Amino acid sequence: MTKVQLIDGVYWVGVVDWNLRDFHGYTTPRGGTYNAYLIVDEKIALVDTVKHGFGGEMVERIKEIVDPSKIDYVISNHVEMDHSGSLPDIMKIATNAQVIATEKGKEGLLRHYRGDWNFRTVKTGDELALGKKTLFFITVPMLHWPDSMFTYLKEDKILLSNDGFGQHLATSFRFDDEMCTLIGYECDTVMDEAAKYYANILMPFGGIILKKLEEIQKLGIEIKMIAPSHGMIWKNPNKIIDAYLSWAKGASKQKVLIIYDTMWNSTEIMAQEILRGVADSGVEVSLFHLRRNEWSEIVKEVLENRAIIIGSPTLHNGMFPTVGGFLTYLMGLRPKNKLWATFGSYGWAGGAVRAVNEKLKSSGYEPVESLEVNFRPDGQDMAKCYAMGQKIASMIKA
Ligand code: FEO
(Lines give C-alpha, C1' and ligand atoms only; values in the text may rest on other atoms or scores of the structure.)
Protein backbone atom coordinates (compact mmCIF):
# COMPACT_ATOMS: atom_id res chain seq x y z
CA MET A 1 0.00 0.00 0.00
CA THR A 2 1.53 3.34 -0.99
CA LYS A 3 1.46 6.28 1.36
CA VAL A 4 -1.86 7.98 1.86
CA GLN A 5 -1.99 11.76 2.17
CA LEU A 6 -4.96 13.48 3.85
CA ILE A 7 -3.69 16.93 2.99
CA ASP A 8 -0.25 18.44 2.39
CA GLY A 9 2.00 17.23 5.23
CA VAL A 10 -0.56 14.93 6.87
CA TYR A 11 -0.40 11.19 6.20
CA TRP A 12 -2.18 8.01 7.22
CA VAL A 13 0.46 5.58 8.49
CA GLY A 14 -1.82 3.01 10.09
CA VAL A 15 -2.44 -0.65 9.31
CA VAL A 16 -5.32 -2.75 8.02
CA ASP A 17 -6.11 -5.82 10.12
CA TRP A 18 -7.81 -7.93 7.47
CA ASN A 19 -8.17 -10.93 9.77
CA LEU A 20 -9.66 -9.18 12.79
CA ARG A 21 -12.83 -11.09 13.64
CA ASP A 22 -13.15 -10.43 17.35
CA PHE A 23 -12.39 -7.16 19.10
CA HIS A 24 -12.58 -7.95 22.81
CA GLY A 25 -15.83 -9.80 22.23
CA TYR A 26 -17.26 -7.44 19.61
CA THR A 27 -17.47 -9.40 16.37
CA THR A 28 -15.79 -7.78 13.39
CA PRO A 29 -16.74 -9.82 10.31
CA ARG A 30 -15.39 -7.09 8.01
CA GLY A 31 -12.01 -6.79 9.79
CA GLY A 32 -10.65 -3.47 11.00
CA THR A 33 -7.93 -0.86 10.87
CA TYR A 34 -5.75 0.94 13.42
CA ASN A 35 -5.19 4.40 12.02
CA ALA A 36 -2.09 6.39 12.97
CA TYR A 37 -1.31 9.78 11.42
CA LEU A 38 2.00 11.44 10.68
CA ILE A 39 2.24 15.23 10.52
CA VAL A 40 5.36 16.54 8.85
CA ASP A 41 6.31 20.15 9.43
CA GLU A 42 9.40 21.81 10.96
CA LYS A 43 8.67 19.34 13.76
CA ILE A 44 7.29 15.86 13.12
CA ALA A 45 4.41 14.40 15.11
CA LEU A 46 2.93 10.91 15.10
CA VAL A 47 -0.67 10.83 16.32
CA ASP A 48 -1.45 7.45 17.89
CA THR A 49 0.21 4.17 17.02
CA VAL A 50 -1.24 0.77 16.13
CA LYS A 51 -2.00 -2.51 17.88
CA HIS A 52 0.90 -4.59 19.21
CA GLY A 53 2.28 -6.83 16.48
CA PHE A 54 1.66 -4.28 13.71
CA GLY A 55 4.33 -1.77 14.77
CA GLY A 56 6.83 -2.91 12.11
CA GLU A 57 4.32 -2.25 9.34
CA MET A 58 3.57 1.21 10.72
CA VAL A 59 7.29 2.02 10.92
CA GLU A 60 7.77 0.89 7.29
CA ARG A 61 4.95 3.21 6.25
CA ILE A 62 6.52 6.11 8.18
CA LYS A 63 9.85 5.37 6.44
CA GLU A 64 8.22 6.07 3.07
CA ILE A 65 7.79 9.67 4.29
CA VAL A 66 10.45 10.48 6.91
CA ASP A 67 13.16 8.85 8.98
CA PRO A 68 11.18 7.61 12.03
CA SER A 69 14.07 8.48 14.36
CA LYS A 70 13.35 12.15 13.55
CA ILE A 71 9.87 12.07 15.11
CA ASP A 72 9.67 14.85 17.72
CA TYR A 73 6.30 14.09 19.29
CA VAL A 74 4.13 11.02 19.71
CA ILE A 75 0.59 12.06 20.57
CA SER A 76 -1.30 9.39 22.50
CA ASN A 77 -4.97 10.25 22.19
CA HIS A 78 -5.99 7.10 24.07
CA VAL A 79 -4.25 4.48 26.19
CA GLU A 80 -6.20 1.44 24.97
CA MET A 81 -3.79 -1.04 23.49
CA ASP A 82 -5.16 -1.04 19.95
CA HIS A 83 -3.71 2.51 19.74
CA SER A 84 -0.79 2.42 22.14
CA GLY A 85 0.38 -1.16 21.53
CA SER A 86 3.23 -0.06 19.24
CA LEU A 87 4.24 2.97 21.32
CA PRO A 88 7.20 1.06 22.82
CA ASP A 89 8.35 0.13 19.27
CA ILE A 90 8.36 3.73 18.04
CA MET A 91 9.93 5.08 21.25
CA LYS A 92 12.85 2.69 20.77
CA ILE A 93 13.46 4.31 17.36
CA ALA A 94 12.47 7.93 18.06
CA THR A 95 14.52 8.09 21.24
CA ASN A 96 14.22 11.87 21.60
CA ALA A 97 10.48 12.04 21.05
CA GLN A 98 8.20 13.51 23.69
CA VAL A 99 4.99 11.65 24.49
CA ILE A 100 1.95 13.94 24.64
CA ALA A 101 -1.11 12.71 26.53
CA THR A 102 -3.70 13.80 29.06
CA GLU A 103 -2.82 13.39 32.74
CA LYS A 104 -4.92 10.21 32.83
CA GLY A 105 -3.28 9.10 29.59
CA LYS A 106 0.17 9.47 31.10
CA GLU A 107 -0.95 7.49 34.19
CA GLY A 108 -2.37 4.68 32.05
CA LEU A 109 0.65 4.48 29.73
CA LEU A 110 3.01 4.35 32.69
CA ARG A 111 0.93 1.66 34.42
CA HIS A 112 0.76 -0.44 31.27
CA TYR A 113 4.20 -0.02 29.66
CA ARG A 114 6.39 1.29 32.51
CA GLY A 115 8.25 3.27 29.82
CA ASP A 116 10.96 5.71 30.83
CA TRP A 117 9.62 8.31 28.42
CA ASN A 118 9.64 12.09 28.34
CA PHE A 119 5.97 12.97 28.92
CA ARG A 120 4.10 16.22 28.48
CA THR A 121 0.52 16.35 29.65
CA VAL A 122 -2.13 18.47 27.95
CA LYS A 123 -5.74 19.54 28.49
CA THR A 124 -8.42 21.22 26.40
CA GLY A 125 -7.14 24.41 24.81
CA ASP A 126 -3.44 23.51 24.95
CA GLU A 127 -1.60 23.86 21.67
CA LEU A 128 1.57 22.48 20.16
CA ALA A 129 3.18 24.39 17.28
CA LEU A 130 4.91 22.20 14.72
CA GLY A 131 5.84 25.03 12.32
CA LYS A 132 3.07 26.07 9.95
CA LYS A 133 0.75 23.56 11.56
CA THR A 134 -0.61 23.71 15.11
CA LEU A 135 -2.08 20.87 17.14
CA PHE A 136 -4.96 21.83 19.44
CA PHE A 137 -5.98 19.34 22.11
CA ILE A 138 -9.51 18.62 23.33
CA THR A 139 -9.92 16.22 26.24
CA VAL A 140 -12.91 13.92 25.88
CA PRO A 141 -13.02 11.97 29.16
CA MET A 142 -15.21 8.85 28.95
CA LEU A 143 -15.29 8.91 25.17
CA HIS A 144 -14.69 6.29 25.91
CA TRP A 145 -11.99 6.03 28.62
CA PRO A 146 -11.05 8.68 31.22
CA ASP A 147 -7.81 9.41 29.33
CA SER A 148 -9.31 9.97 25.87
CA MET A 149 -8.67 13.11 23.85
CA PHE A 150 -9.05 14.48 20.33
CA THR A 151 -6.24 16.23 18.47
CA TYR A 152 -7.33 18.98 16.09
CA LEU A 153 -5.14 20.30 13.27
CA LYS A 154 -5.99 23.98 13.47
CA GLU A 155 -4.90 25.23 10.07
CA ASP A 156 -6.09 22.15 8.13
CA LYS A 157 -9.32 21.84 10.19
CA ILE A 158 -8.91 18.09 10.59
CA LEU A 159 -10.15 16.38 13.76
CA LEU A 160 -8.12 13.30 14.73
CA SER A 161 -10.85 11.76 16.84
CA ASN A 162 -9.37 8.42 17.91
CA ASP A 163 -12.28 6.06 18.75
CA GLY A 164 -14.93 8.73 18.14
CA PHE A 165 -16.64 8.35 14.73
CA GLY A 166 -14.78 5.07 14.08
CA GLN A 167 -15.89 1.87 12.41
CA HIS A 168 -14.38 -1.62 12.26
CA LEU A 169 -13.93 -2.07 8.55
CA ALA A 170 -10.97 -3.39 6.56
CA THR A 171 -10.81 -2.14 2.98
CA SER A 172 -8.15 -0.88 0.58
CA PHE A 173 -9.90 2.52 0.70
CA ARG A 174 -9.09 5.11 3.33
CA PHE A 175 -11.77 7.77 2.71
CA ASP A 176 -15.54 7.56 3.02
CA ASP A 177 -16.07 9.25 -0.34
CA GLU A 178 -14.05 6.53 -2.09
CA MET A 179 -16.41 3.95 -0.64
CA CYS A 180 -19.50 6.02 -1.35
CA THR A 181 -18.74 7.64 -4.69
CA LEU A 182 -16.62 5.10 -6.49
CA ILE A 183 -18.55 2.07 -5.43
CA GLY A 184 -21.90 3.59 -4.54
CA TYR A 185 -23.67 0.88 -2.60
CA GLU A 186 -20.78 0.49 -0.14
CA CYS A 187 -21.73 3.84 1.42
CA ASP A 188 -24.30 2.02 3.54
CA THR A 189 -21.61 -0.35 4.78
CA VAL A 190 -19.60 2.50 6.31
CA MET A 191 -22.64 3.89 8.16
CA ASP A 192 -23.73 0.40 9.18
CA GLU A 193 -20.33 -0.27 10.76
CA ALA A 194 -20.30 3.22 12.33
CA ALA A 195 -23.68 2.46 13.95
CA LYS A 196 -22.45 -0.91 15.24
CA TYR A 197 -19.33 0.76 16.64
CA TYR A 198 -21.35 3.50 18.34
CA ALA A 199 -23.83 0.98 19.79
CA ASN A 200 -21.20 -1.36 21.22
CA ILE A 201 -18.56 1.15 22.34
CA LEU A 202 -20.10 4.59 22.82
CA MET A 203 -23.80 4.10 23.55
CA PRO A 204 -23.42 4.60 27.35
CA PHE A 205 -21.91 8.02 26.78
CA GLY A 206 -24.60 9.76 24.71
CA GLY A 207 -24.98 12.62 27.22
CA ILE A 208 -21.23 13.27 27.21
CA ILE A 209 -21.17 13.19 23.40
CA LEU A 210 -23.87 15.84 23.19
CA LYS A 211 -22.01 18.09 25.66
CA LYS A 212 -18.68 17.62 23.89
CA LEU A 213 -20.10 18.39 20.46
CA GLU A 214 -21.65 21.53 21.93
CA GLU A 215 -18.31 22.47 23.55
CA ILE A 216 -16.48 21.97 20.24
CA GLN A 217 -19.02 24.25 18.56
CA LYS A 218 -18.52 26.90 21.27
CA LEU A 219 -14.75 26.70 20.78
CA GLY A 220 -15.48 27.78 17.21
CA ILE A 221 -13.84 24.70 15.79
CA GLU A 222 -14.63 24.16 12.14
CA ILE A 223 -14.27 20.55 11.01
CA LYS A 224 -13.51 19.82 7.37
CA MET A 225 -12.43 16.24 7.87
CA ILE A 226 -12.66 13.68 10.69
CA ALA A 227 -9.87 11.14 10.83
CA PRO A 228 -10.71 8.47 13.42
CA SER A 229 -8.37 5.72 14.54
CA HIS A 230 -10.60 2.97 13.11
CA GLY A 231 -11.94 2.64 9.59
CA MET A 232 -12.74 5.27 7.00
CA ILE A 233 -11.66 8.91 7.19
CA TRP A 234 -14.74 11.12 6.88
CA LYS A 235 -14.29 13.71 4.13
CA ASN A 236 -17.94 14.46 4.66
CA PRO A 237 -17.96 14.94 8.45
CA ASN A 238 -21.49 16.33 8.71
CA LYS A 239 -23.00 12.99 7.87
CA ILE A 240 -21.38 11.19 10.79
CA ILE A 241 -21.75 14.16 13.19
CA ASP A 242 -25.49 14.24 12.45
CA ALA A 243 -25.71 10.49 13.03
CA TYR A 244 -23.90 10.85 16.39
CA LEU A 245 -26.22 13.67 17.44
CA SER A 246 -29.21 11.50 16.62
CA TRP A 247 -27.88 8.35 18.35
CA ALA A 248 -26.71 10.33 21.39
CA LYS A 249 -30.22 11.77 21.83
CA GLY A 250 -31.61 8.22 21.78
CA ALA A 251 -33.47 8.66 18.50
CA SER A 252 -34.67 5.37 17.03
CA LYS A 253 -36.87 4.08 14.24
CA GLN A 254 -40.47 2.99 14.69
CA LYS A 255 -39.40 -0.65 14.82
CA VAL A 256 -39.73 -3.57 17.22
CA LEU A 257 -36.94 -5.96 18.10
CA ILE A 258 -37.59 -9.36 19.69
CA ILE A 259 -34.54 -10.94 21.35
CA TYR A 260 -34.93 -14.41 22.85
CA ASP A 261 -33.63 -17.87 23.53
CA THR A 262 -35.62 -21.07 23.76
CA MET A 263 -35.23 -24.59 25.25
CA TRP A 264 -38.08 -26.79 23.92
CA ASN A 265 -39.63 -24.27 21.55
CA SER A 266 -42.33 -22.76 23.77
CA THR A 267 -40.56 -19.40 24.02
CA GLU A 268 -39.85 -19.60 20.28
CA ILE A 269 -43.57 -20.15 19.53
CA MET A 270 -44.42 -17.15 21.74
CA ALA A 271 -41.79 -15.02 19.99
CA GLN A 272 -43.20 -15.83 16.56
CA GLU A 273 -46.78 -15.04 17.66
CA ILE A 274 -45.75 -11.71 19.23
CA LEU A 275 -43.94 -10.94 15.97
CA ARG A 276 -47.14 -11.72 14.01
CA GLY A 277 -49.10 -9.32 16.23
CA VAL A 278 -46.62 -6.51 15.60
CA ALA A 279 -46.29 -7.18 11.86
CA ASP A 280 -50.09 -7.37 11.36
CA SER A 281 -50.28 -3.91 12.94
CA GLY A 282 -48.12 -2.56 10.12
CA VAL A 283 -44.97 -2.04 12.19
CA GLU A 284 -41.56 -3.36 11.18
CA VAL A 285 -40.34 -6.11 13.50
CA SER A 286 -37.36 -8.43 13.62
CA LEU A 287 -36.42 -11.49 15.62
CA PHE A 288 -33.00 -12.47 16.97
CA HIS A 289 -32.18 -15.80 18.61
CA LEU A 290 -29.34 -15.31 21.09
CA ARG A 291 -27.43 -18.44 20.06
CA ARG A 292 -27.80 -17.90 16.33
CA ASN A 293 -26.77 -14.26 16.12
CA GLU A 294 -23.75 -12.24 17.14
CA TRP A 295 -24.54 -10.16 20.23
CA SER A 296 -22.72 -7.09 18.93
CA GLU A 297 -24.97 -7.19 15.84
CA ILE A 298 -28.05 -7.46 18.05
CA VAL A 299 -26.84 -4.43 20.05
CA LYS A 300 -26.66 -2.42 16.82
CA GLU A 301 -30.31 -3.36 16.25
CA VAL A 302 -31.14 -2.20 19.80
CA LEU A 303 -29.73 1.23 18.90
CA GLU A 304 -32.08 1.53 15.93
CA ASN A 305 -35.28 0.02 17.37
CA ARG A 306 -37.82 1.83 19.56
CA ALA A 307 -39.25 -1.24 21.33
CA ILE A 308 -37.23 -4.14 22.72
CA ILE A 309 -39.00 -7.36 23.70
CA ILE A 310 -36.94 -9.90 25.65
CA GLY A 311 -37.93 -13.58 25.85
CA SER A 312 -36.50 -16.35 28.02
CA PRO A 313 -37.35 -19.90 29.02
CA THR A 314 -36.97 -20.78 32.69
CA LEU A 315 -33.91 -22.70 33.80
CA HIS A 316 -33.23 -23.40 37.49
CA ASN A 317 -35.91 -20.88 38.50
CA GLY A 318 -34.22 -18.09 36.61
CA MET A 319 -33.59 -16.81 33.13
CA PHE A 320 -31.70 -18.79 30.51
CA PRO A 321 -27.90 -18.20 30.76
CA THR A 322 -27.63 -16.61 27.31
CA VAL A 323 -30.40 -14.15 28.19
CA GLY A 324 -28.64 -13.33 31.48
CA GLY A 325 -25.29 -12.83 29.74
CA PHE A 326 -26.78 -10.71 26.98
CA LEU A 327 -28.73 -8.54 29.42
CA THR A 328 -25.58 -7.97 31.49
CA TYR A 329 -23.85 -6.72 28.33
CA LEU A 330 -26.82 -4.68 27.13
CA MET A 331 -27.61 -3.03 30.48
CA GLY A 332 -23.97 -1.89 30.70
CA LEU A 333 -24.52 -0.03 27.41
CA ARG A 334 -27.48 1.85 28.96
CA PRO A 335 -29.78 2.15 25.92
CA LYS A 336 -31.94 5.30 25.95
CA ASN A 337 -35.60 5.92 25.13
CA LYS A 338 -36.66 2.31 24.67
CA LEU A 339 -39.98 0.71 25.34
CA TRP A 340 -39.39 -2.66 27.04
CA ALA A 341 -41.53 -5.80 27.25
CA THR A 342 -40.80 -9.35 28.38
CA PHE A 343 -42.12 -12.86 27.85
CA GLY A 344 -41.16 -16.44 28.54
CA SER A 345 -42.17 -19.96 29.46
CA TYR A 346 -41.70 -22.44 32.30
CA GLY A 347 -42.36 -26.06 33.23
CA TRP A 348 -43.25 -25.87 36.92
CA ALA A 349 -42.16 -23.05 39.27
CA GLY A 350 -41.40 -20.32 36.72
CA GLY A 351 -38.94 -17.53 37.30
CA ALA A 352 -37.45 -16.43 33.95
CA VAL A 353 -39.78 -13.50 33.32
CA ARG A 354 -39.53 -12.35 36.92
CA ALA A 355 -35.70 -12.48 36.68
CA VAL A 356 -35.66 -10.56 33.37
CA ASN A 357 -38.01 -7.94 34.81
CA GLU A 358 -35.86 -7.57 37.93
CA LYS A 359 -32.77 -7.13 35.77
CA LEU A 360 -34.50 -4.43 33.70
CA LYS A 361 -35.88 -2.65 36.76
CA SER A 362 -32.53 -2.68 38.56
CA SER A 363 -31.11 -0.94 35.46
CA GLY A 364 -33.82 1.72 35.55
CA TYR A 365 -36.19 0.32 32.90
CA GLU A 366 -39.85 -0.50 33.52
CA PRO A 367 -41.33 -3.19 31.21
CA VAL A 368 -44.70 -2.09 29.85
CA GLU A 369 -45.89 -5.66 29.21
CA SER A 370 -44.96 -9.10 30.54
CA LEU A 371 -46.28 -12.52 29.64
CA GLU A 372 -45.39 -15.96 31.04
CA VAL A 373 -46.73 -19.29 29.77
CA ASN A 374 -46.76 -22.76 31.38
CA PHE A 375 -45.37 -25.47 29.04
CA ARG A 376 -46.53 -24.96 25.44
CA PRO A 377 -48.74 -21.98 24.68
CA ASP A 378 -52.38 -22.99 24.09
CA GLY A 379 -54.95 -21.07 22.08
CA GLN A 380 -55.58 -18.53 24.84
CA ASP A 381 -51.86 -18.02 25.39
CA MET A 382 -51.35 -17.49 21.67
CA ALA A 383 -54.10 -14.88 21.64
CA LYS A 384 -52.31 -13.08 24.51
CA CYS A 385 -48.99 -13.18 22.61
CA TYR A 386 -50.64 -11.79 19.49
CA ALA A 387 -52.38 -9.08 21.53
CA MET A 388 -49.08 -8.18 23.20
CA GLY A 389 -47.49 -7.68 19.76
CA GLN A 390 -50.41 -5.50 18.72
CA LYS A 391 -50.23 -3.45 21.92
CA ILE A 392 -46.50 -2.80 21.60
CA ALA A 393 -47.00 -1.82 17.95
CA SER A 394 -49.77 0.63 18.85
CA MET A 395 -47.67 2.12 21.67
CA ILE A 396 -44.73 2.91 19.41
CA LYS A 397 -47.04 4.26 16.71
CA ALA A 398 -48.48 6.62 19.32
FE1 FEO B 1 -10.75 2.41 22.94
FE2 FEO B 1 -9.91 1.77 19.68
O3 FEO B 1 -9.74 1.73 21.54
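Trainee: Hi! How many helices and strands does the secondary structure of the chain come to?

Mentor: Welcome! This is a predicted model, and its chain has 13 helices and 22 strands.

Trainee: And how compact is the chain?

Mentor: Its radius of gyration is 24 Å, close to the 21 Å that the globule rule gives for 398 residues, so the chain is as compact as a globular protein of that length. Along its principal axes, the C-alpha trace spans about 80 × 40 × 35 Å.

Trainee: What percentage of the residues count as buried?

Mentor: Of the 398 residues, 60% are buried. As for the accessible surface, that comes to about 16,400 Å², and carbon and sulfur atoms hold 50% of it.

Trainee: Let's switch to the sheet with S12 in it. In what order do the strands come?

Mentor: The order is S12-S13-S14-S15-S16, five strands in an open sheet with mixed pairing. On average, neighbouring strands there are turned by 20° against each other, ignoring direction.

Trainee: Which strands stand at the edges?

Mentor: Those are S12 (127-129) and S16 (225-228). Each has a single partner strand, so one side of each has no neighbour in the sheet.

Trainee: How does S12 join S13, parallel or antiparallel?

Mentor: Antiparallel, through three bridges to S13, which covers residues 134-139. Glu127, for instance, has Phe136 in S13 as its bridge partner.

Trainee: New topic: how many salt bridges does the count come to?

Mentor: The count is 20 salt bridges. One of them joins the side chains of Lys123 and Asp126, at 3.4 Å from N to O. Lys123 is exposed, with a relative accessible area of 53%, while Asp126 is partly exposed at 21%.

Trainee: What about Lys300, which residue does that form a salt bridge with?

Mentor: With Asp192, where the closest N and O atoms are 2.7 Å apart. Lys300 lies in helix H10 (residues 295-304) and Asp192 in helix H6 (residues 187-202), so the pair ties together parts 108 residues apart in sequence.

Trainee: Is Lys300 buried or exposed?

Mentor: Lys300 is buried, with a relative accessible area of 5%. Asp192 counts as partly exposed, at 24%.

Trainee: And which residue does Lys196 form a salt bridge with?

Mentor: That one is Glu297, with the closest N and O atoms 3.3 Å apart. Lys196 is buried, at 0% relative accessible area, and Glu297 is partly exposed, at 23%.

Trainee: Which residues are linked in a network of salt bridges?

Mentor: Arg30, Asp192, Glu193, Lys196, Glu297 and Lys300 are linked that way.

Note on methods: Residues are numbered from 1 along each chain as its sequence is written. This is a predicted model: local features need pLDDT of at least 70, side-chain atom pairs count only at pLDDT 80 or more; totals for chains, interfaces and linings use all residues. Side-chain values use heavy atoms; hydrogens and water are left out. Two strands pair if DSSP finds at least two bridges between them. Helices (H or I, at least four residues) and strands (E, at least two) are DSSP runs, numbered from the N terminus. Axes are lines fitted to C-alpha atoms, for helices over the stretch in contact, and angles run from 0 to 180 degrees between N-to-C directions. The radius of gyration is taken over C-alpha atoms; the globule rule is 2.2 Å times the number of residues to the power 0.38. Buried means under 20% relative accessible area, exposed over 50%, partly exposed in between (1.4 Å probe, protein chains only). Accessible areas come from the Shrake-Rupley method with a 1.4 Å probe; for residues, only the protein chains shown count as cover. A salt bridge is a side-chain nitrogen of Lys or Arg within 4 Å of a carboxyl oxygen of Asp or Glu.
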